[in-house]
Amino acid sequence: MQTIKTAQMVHEITRQFPLSQNVQNALLKINREIFVPEGFKHLAYSLDALPMGASQWISSPLTVAKMTEYLQCEGADNVLEIGCGSGYQAAILSCLVRRVFSIERIEKLLNEARLRIKTCHLSNINTKLDDGQKGWSAYAPYDRILFSAVATTIPQEIFNQLQIGGILIAPIQKGNLQIITRFYKHNHSITSEELDSCIFVPIQNGIE
């Protein structure tokens, strides 16, 4: 039943946003129900964001699909995710790259995400409790970096941890709007392009 519901969810996503076959396959491999809090299982396959405690939300599967597609993971070896949340985005990325490094600042959410990741038998996701705006320098540089929370600017320390030729995807606050923005790191510069509107919770400082 889960496979049928997952396939229907992916079909609904592709009706709204074109997906590469690799991203479709990744979405099909992960049981979204595992990442949805108790009480919301019946809504696991809807294309809506869902509350998950600590004033945080699990992103809509449509948003996760968009962020993953925009990240252009083909050929990438490692990804840094800032904002593990439920763990669902990290799980999807784990189907596309060899190693995922995911940081979460809220300990309760991170512990829950770790249990879900373990339940899915995903062994290539590394997690850490920390302020994500510091990145994870021990395993840098990263081929790809993804922000799962909206920022006003990207800290230089994060760009320092991005491989030359790498891509960073982040929701950026611009006035009253949030815009998914793709950054490219060149030898001596960073360029960017705006891709899509979105709604994410704001990035916060420190850990809880």
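This is a predicted model: local features need pLDDT of at least 70, side-chain atom pairs count only at pLDDT 80 or more; totals for chains, interfaces and linings use all residues.
Residues are numbered from 1 along each chain as its sequence is written, and side-chain values use heavy atoms, with hydrogens and water left out.

To find N124, look in the loop between α5 (107-119) and β5 (125-129); helices (H or I, at least four residues) and strands (E, at least two) are DSSP runs, numbered from the N terminus. N124 counts as buried because its relative accessibility is 19%, and buried means under 20% relative accessible area, exposed over 50% and partly exposed in between (1.4 Å probe, protein chains only). Leaving aside residues up to four places away in sequence, N124 touches S94, V97, R98, R99 and V100, where a contact means heavy atoms within 4.5 Å.

## S94, a neighbour in a helix

S94 belongs to helix α4 (residues 88-94). S94 has a relative accessibility of 9%, so this serine counts as buried. Apart from residues up to four places away in sequence, S94 touches V100, L122, N124 and I125.

Now to a glutamine in another loop. Q161 sits between α6 (156-160) and β7 (162-174), and with a relative accessible area of 4% it is buried. The Q161 side chain reaches the backbone nitrogen of W136 at 2.8 Å. Not counting residues up to four places away in sequence, Q161 touches L80, K134, G135, W136, S137, A140, P141, Y142 and I145. Q161 is 105 residues from Q56 in sequence, and their C-alpha atoms are 26 Å apart in space.

Two of the residues that Q161 touches, A140 and P141, are joined by a cis peptide bond with omega of about 5 degrees. P141 is in the loop between β5 and β6 (142-147).

## Helix α3 and what follows it

How many residues of helix α3 are buried? The count is 11 of the 11 (residues 61-71), so α3 is largely enclosed by the rest of the structure. At the start of α3, a side-chain oxygen of S60 comes within 3.0 Å of the backbone nitrogen of L62.

Just after α3 comes Q72, with a positive phi of about 50 degrees. Q72 lies in the loop between α3 and β3 (78-82) and, at 37% relative accessibility, counts as partly exposed.

## Another positive phi

H121 is not a glycine, yet it has a positive phi of about 60 degrees. This histidine is in the loop between α5 and β5. Is H121 buried or exposed? At 72% relative accessibility, H121 counts as exposed.

## The whole chain

Stepping back, the protein chain has six helices and nine strands. Its radius of gyration, taken over C-alpha atoms, is 16 Å, close to the 17 Å that the globule rule gives for 208 residues, so the chain is as compact as a globular protein of that length. That rule is 2.2 Å times the number of residues to the power 0.38. Along its principal axes, the C-alpha trace spans about 50 × 35 × 35 Å.

Of the 208 residues, 53% are buried. Residues 24 or more positions apart account for 53% of the contacts with a separation of 6 or more. The chain exposes about 9,900 Å², and carbon and sulfur atoms supply 50% of that area, as given by the Shrake-Rupley method with a 1.4 Å probe.

How values were computed:
A polar contact is a pair of N or O atoms within 3.5 Å; within protein, one must be able to donate a hydrogen and the other to accept it, and residues adjacent in sequence count only if both atoms are side-chain atoms.
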